[in-house]
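This report describes a structure in short sections. Please keep the sequence and the three-dimensional view at hand while reading.

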Protein chains: 4
Amino acid sequence: MTLRFGVIGTGAIGKTHIDRITNRLSGGEIVAVTDINQNSAKSAVEEYGIQAKVYPDDKSLIADENVDAVIIASWGPAHAESVLAAIEAGKYVFCEKPLATTAEKSLEIVEAEMKFGKPLVQVGFMRRYDQGYKQMKNAIVNNEIGEPLMIHAVHRNQSTSENYTTDMAVVDTLIHEIDVLHWLINDDYKSIQAIFPKRTTKALDHLQDPQLFIIETQRGIVITVEVFTNCQFGYDIQCEVIGEIGTIKLPEVPTPVVRKNAAISQPILQDWKDRFIVAYDLEIQHFIDSIRKKGYPEGPTSWDGYIAAVTSDAGVRAQKTGQKELIELKARPEFYKSKNSPIQNLMS
Amino acid sequence: MTLRFGVIGTGAIGKTHIDRITNRLSGGEIVAVTDINQNSAKSAVEEYGIQAKVYPDDKSLIADENVDAVIIASWGPAHAESVLAAIEAGKYVFCEKPLATTAEKSLEIVEAEMKFGKPLVQVGFMRRYDQGYKQMKNAIVNNEIGEPLMIHAVHRNQSTSENYTTDMAVVDTLIHEIDVLHWLINDDYKSIQAIFPKRTTKALDHLQDPQLFIIETQRGIVITVEVFTNCQFGYDIQCEVIGEIGTIKLPEVPTPVVRKNAAISQPILQDWKDRFIVAYDLEIQHFIDSIRKKGYPEGPTSWDGYIAAVTSDAGVRAQKTGQKELIELKARPEFYKSKNSPIQNLMS
Amino acid sequence: MTLRFGVIGTGAIGKTHIDRITNRLSGGEIVAVTDINQNSAKSAVEEYGIQAKVYPDDKSLIADENVDAVIIASWGPAHAESVLAAIEAGKYVFCEKPLATTAEKSLEIVEAEMKFGKPLVQVGFMRRYDQGYKQMKNAIVNNEIGEPLMIHAVHRNQSTSENYTTDMAVVDTLIHEIDVLHWLINDDYKSIQAIFPKRTTKALDHLQDPQLFIIETQRGIVITVEVFTNCQFGYDIQCEVIGEIGTIKLPEVPTPVVRKNAAISQPILQDWKDRFIVAYDLEIQHFIDSIRKKGYPEGPTSWDGYIAAVTSDAGVRAQKTGQKELIELKARPEFYKSKNSPIQNLMS
Amino acid sequence: MTLRFGVIGTGAIGKTHIDRITNRLSGGEIVAVTDINQNSAKSAVEEYGIQAKVYPDDKSLIADENVDAVIIASWGPAHAESVLAAIEAGKYVFCEKPLATTAEKSLEIVEAEMKFGKPLVQVGFMRRYDQGYKQMKNAIVNNEIGEPLMIHAVHRNQSTSENYTTDMAVVDTLIHEIDVLHWLINDDYKSIQAIFPKRTTKALDHLQDPQLFIIETQRGIVITVEVFTNCQFGYDIQCEVIGEIGTIKLPEVPTPVVRKNAAISQPILQDWKDRFIVAYDLEIQHFIDSIRKKGYPEGPTSWDGYIAAVTSDAGVRAQKTGQKELIELKARPEFYKSKNSPIQNLMS
């Protein structure tokens with residue numbers, strides 16, 4: 001059984017999913033597409049030479065009986081309504097982050113999914129599929145560094161567009177750390193603080209860059225995250241977990257080492273799209289495989305989307321108040337519990 | 001159009017190809033299998049839940065009209081006859097190394113393929129698909145280190161089985177460097193010398209281990225390769241090219257760095273099967289894609305198989321004589337020329 | 001002219017200074033020693049075979065006309081009185097940290113030195129003499145990473161004795177970062193915050209370990225320092241400065257890389273005394289050389305000792321209040337200004 | 001007792017020794033100098049402000065009763081006669097490499113020293129004092145990598161002057177590996193082979209550069225050394241010993257790691273004089289200390305000088321014949337035996 005996909009949103013990210021499902025992955029097929037810009041949808045069909053119906057909107061695409069699963073790659077504010085419609089129709093959903101732009105809407109999705117009675121939704125937090133993070137999680141679960149006490153993470157980006165604003169450092173950028181770090185240490189967040197260092201002159205005036213976030217977890221782990229989106233030199237993701245008996249650090253991206261011109265050097269990635277390129281393939285292949293084998297997606301859940309929404313809400317508040325802001329989650333429903341066990345989510 | 005595969009040989013390697021074509025790659029399908037051990041073939045069909053006919057031998061499998069391409073993963077001495085039969089039948093061939101166990105037989109394949117009139121055969125030299133080697137080749141082609149003058153390569157393996165003999169250091173182990181290095185520097189070999197250092201006491205008495213090979217190319221590049229197959233500590237592949245203005249080195253396999261127990265350390269792979277796992281996927285996907293798009297496979301050719309055979313013959317002679325042995329290739333036929341241009345084979 | 005030293009305090013550190021001046025450095029000589037434990041002083045004289053008078057106390061040693069300079073290596077609370085007595089007598093002073101245990105007493109020393117009219121005192125902040133920190137300072141001064149915006153520093157120690165208490169994380173441990181970081185970026189501190197993560201179970205119950213400090217400077221640079229004194233695995237000092245166009249990181253201690261037992265590893269230092277061993281030699285040689293050539297010591301000044309005292313006072317307050325505490329320094333006197341220029345203090 | 005030095009040869013190297021003994025080391029003093037260029041000798045005295053007599057030649061300097069030890073830093077061909085004269089006079093000798101330009105002359109020195117009855121001579125093979133090589137030797141002696149089987153070494157230099165000729169790759173460059181490697185593995189050499197790769201176009205026409213040497217030891221260890229003296233990018237010394245259970249590699253020179261301009265990089269040394277700068281201090285301090293404590297120098301001996309001479313003679317022959325040339329040493333006299341034990345020479 002091939003999983004038949006409808007793609008909502010045929011911008012840059014939507015097209016990479018069409019490409020990978022069509023040309024690189026196994027067991028999936030694009031049968032329908034839509035985009036607010038109909039020409040974009042049509043030209044995607046042509047570009048990849050796929051046999052897919054072009055729909056005028058998400059609702060009609062979801063209603064197509066040939067569509068087993070939808071990929072939501074429209075702009076963020078439109079995600080939640082598409083997700084809710086797909087759940088209503090009993091279709092599987094792969095939704096790019098954010099699941100919803102507010103905690104309330106995320107919770108509505110969580111409740112709709114529970115009401116439906118089985119998991120349908122996977123959120124596009126691809127870092128969990130990165131080999132480096134998986135190896136780190138494995139080591140932590142196997143107690144190789146003892147109980148985690150601190151994390152120091154870094155999220156640097158070469159530069160940002162004019163549209164990038166101070167709050168996007170949380171909702172667009174930090175959100176990847178928000179998801180992957182609680183998964184990594186299997187803990188829930190408690191509070192977040194934002195500190196604004198001296199601003200770089202390399203960013204536009206409206207933007208506070210860099211920013212430093214301090215997040216505390218329920219178990220007392222203290223996380224520092226440097227977010228620096230105009231660092232000039234490249235896309236640079238770092239993560240070190242400090243445990244009771246040792247530390248573990250995300251590997252550098254492997255590139256050949258060159259000795260030349262009075263230096264030993266290796267290139268650093270410039271484009272974020274290249275950093276987790278294998279992980280993007282793996283998350284979609286896992287979505288397909290788990291649905292085919294188990295009848296539901298096993299990746300990051302709606303509840304993970306809800307956690308991200310609550311935490312980023314608190315992060316944006318913290319940017320404004322300069323105070324430590326609480327991250328208050330509802331109790332995790334039984335429905336989402338087994339899925340979040342460290343073992344299951346290792347995807348080893 | 002899905003490329004329909006027949007698999008000859010359902011041992012360990014054959015099964016990994018069944019697995020990847022069935023479960024991970026796009027555009028291929030297993031429709032037939034055979035093995036000298038019929039039970040092995042049958043159980044492979046069951047294990048992967050595929051709809052494939054089980055044939056009594058390679059000839060009958062090749063004759064199946066539904067088979068577009070064959071994967072040859074039987075034991076080495078059987079390869080050449082299967083390749084020749086497939087060419088005779090006009091079927092595409094993906095043949096694991098060696099293409100043939102002698103230079104003569106390799107040449108017979110080359111001639112049969114030329115007679116057929118278009119390329120049908122790809123040899124399973126997967127290292128060319130490794131990201132690290134590709135980045136190195138790219139840098140060399142772009143003249144980043146100037147003209148190559150020397151290469152220092154290392155091929156270490158944790159341990160070998162009882163059946164591993166001194167000549168296998170050439171025909172089974174060094175053969176990977178033999179293929180990838182001439183591709184890397186776009187040159188042909190001229191001579192090979194074998195030097196036997198002090199033997200490790202960790203290998204069986206019949207085996208000379210380690211061994212050092214010195215290979216000179218037509219352009220005068222000098223290559224040293226350490227082959228050490230019972231190094232005890234892991235699977236360790238290294239390659240540094242020294243050019244006129246700089247050097248470039250294959251990246252280490254990325255693994256998390258742990259600080260613990262008075263050391264900074266990172267794990268090193270134990271099993272060779274894990275080292276080029278992504279490259280194995282890529283070589284088969286490339287085989288499928290190039291056939292679908294261009295009508296012939298674009299990977300390592302029969303001529304590359306012939307080069308490997310001639311060079312490993314000379315290597316085995318060098319082990320025996322202790323002298324520098326010449327590597328004498330026929331002139332490269334026009335048929336194989338365009339394919340071997342550095343640009344085309346970059347697969348960037 | 002040989003600089004004749006009197007050593008006050010012949011414990012572990014005092015003895016290493018006797019050793020280096022006697023056996024490794026040029027231009028100095030030990031002519032007098034004292035210790036609260038007279039037997040310790042006598043046995044130090046014997047152990048190093050030096051011709052040095054043993055004095056009953058610091059005052060009588062300072063009064064010896066043969067003594068040009070004193071090294072103060074007694075316990076911390078005794079430092080200030082010895083320093084003041086030496087200044088009174090016009091003797092040069094090399095004082096181990098802390099210069100004084102309170103900001104007030106440090107200021108008294110500063111004032112006594114200014115009243116005397118020329119610099120006499122160097123404080124034992126040896127990290128400024130470490131090759132790695134010097135290279136970093138050089139790069140920053142040369143604008144290689146642009147204006148500094150953030151620093152992430154780590155100070156880890158294998159384990160602490162029973163006597164080590166929570167406030168000592170500031171006054172004994174963090175104090176080294178306090179000194180070296182303001183020198184590195186040529187800035188003054190503004191505030192400090194202390195955050196207490198989950199405690200390691202590997203430390204005694206009375207101790208909060210690890211601790212995280214967040215320090216802001218007058219220019220707005222934000223510094224995070226992890227202090228983890230029972231990290232179990234070794235002595236581990238890290239420092240990365242993040243600038244507008246690049247980052248620079250203190251080099252790892254160079255040790256041979258071993259491939260063995262399924263890992264690539266290198267030893268990490270266990271004993272803090274080994275980490276800056278070359279820097280200890282260089283700071284004393286610089287003390288001797290600058291006095292011989294210029295008539296006054298050129299290393300870290302009394303004012304640097306005062307900065308450290310004020311900052312560590314605020315750090316201890318921050319541990320108690322959980323709030324951001326201000327670091328309020330007097331205006332830097334003209335007397336100490338030229339000495340603190342980034343160029344002069346490079347000691348290149 | 002201060003060791004009183006006479007310096008023969010006040011060129012660049014002679015002056016660095018005057019500087020270190022005068023300004024950085026303990027227990028030595030320059031009391032006499034000479035140089036074939038008398039003005040050079042006089043200006044050295046002035047430059048370092050030392051109280052040293054200027055002699056017209058080596059013989060008169062050696063005859064000065066105030067001279068305890070001579071440093072020979074004249075040009076190579078003059079070394080042997082000065083050494084022999086100093087032995088004759090019973091003076092200690094620190095002789096820069098080479099001890100003599102022929103094996104015969106080296107042997108004459110060895111015999112003169114034995115006749116005198118106690119060791120007087122230390123040869124300036126400073127690499128044995130480098131922290132990295134010492135740590136490697138320590139690890140090998142402690143059996144951490146098992147019995148050594150192979151070594152791969154690299155000696156790269158940015159560029160050479162017009163006067164540098166093909167044979168100097170052995171007598172001036174490889175000679176450092178010749179000394180340090182037999183010490184490292186506590187073995188004697190058996191044969192040497194020279195291989196000439198494609199020549200770099202960055203060197204002058206008269207020079208074969210790079211060169212590859214293959215040296216076999218009595219125990220059967222096989223050593224490859226790349227000598228590349230116009231590599232353009234810097235001074236780069238590498239050494240990896242491959243043992244039965246693991247490998248160990250000389251650490252890179254520690255320099256700060258910078259992330260900037262799309263790369264992670266660290267500077268590589270340009271000038272060979274900076275690479276072993278600490279080792280130069282340590283070798284002279286050790287010369288002084290061992291003479292003061294034991295009555296004879298404990299560093300590299302005349303016999304080590306003889307080994308280097310015999311081996312480099314064979315190396316130059318190998319460059320010409322293209323064949324494996326034997327390295328034939330006399331039996332090591334009892335006189336030099338205890339000194340060469342791995343333990344004693346660790347200088348830990």
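## Contacts and the residue C:Thr200

Two residues are in contact when they have heavy atoms within 4.5 Å. The model discussed here is predicted. Leaving out residues up to four places away in sequence, C:Thr200 touches C:Asp209, C:Pro210 and C:Phe228 in chain C, and also A:Leu149 and A:Glu244 in chain A.

C:Thr200 lies in the loop of chain C that runs between strand E8 (189-195) and strand E9 (211-217). Is C:Thr200 buried or exposed? Its relative accessibility is 5%; because buried means under 20% relative accessible area, C:Thr200 counts as buried. The side chain of C:Thr200 also reaches the backbone nitrogen of C:Lys202, at 3.0 Å. C:Tyr189 is 11 residues from C:Thr200 along the chain, and the C-alpha atoms of these two residues are separated by 29 Å.

## How chains A and C are related

The interface may be considered next. Of the interface residues of chain A, 100% are also interface residues in chain C, so the copies meet through the same surface.

For chain A, an unreviewed UniProt entry places the feature "domain: Gfo/Idh/MocA-like oxidoreductase N-terminal" at residues 3-125. This span is 43% helix and 22% strand, and its end C-alpha atoms lie 21 Å apart.

A:Ser82 is found in helix H4 of chain A, which covers residues 79-88. Which residues are in contact with A:Ser82, leaving aside its neighbours within four places in sequence? They are A:Ile8, A:Asp58, A:Ile62 and A:Ile72. With a relative accessibility of 2%, A:Ser82 counts as buried, since the limit for that class is under 20%.

## Confidence in the model

The average pLDDT of chain A is 95, and 97% of the residues score at least 70. Over residues 340-348 of chain A, however, pLDDT stays under 50. For these residues the model has 24 contacts beyond four places in sequence.

How values were computed:
Residues numbered from 1 in each chain as written. Chains lettered and ligands numbered in written order. Predicted model: local features only at pLDDT ≥ 70, side-chain atom pairs only at ≥ 80, totals over all residues. Heavy atoms only, no water. UniProt positions renumbered as here; feature names shortened; annotations may be inferred. Helix = DSSP H or I, 4+ residues; strand = E, 2+ residues; numbered from the N terminus. Buried < 20%, exposed > 50% of the residue type's maximum accessible area, 1.4 Å probe, protein only. pLDDT = per-residue confidence, 0-100. Polar contact = N/O pair within 3.5 Å; in protein donor to acceptor, adjacent residues only side chain to side chain.
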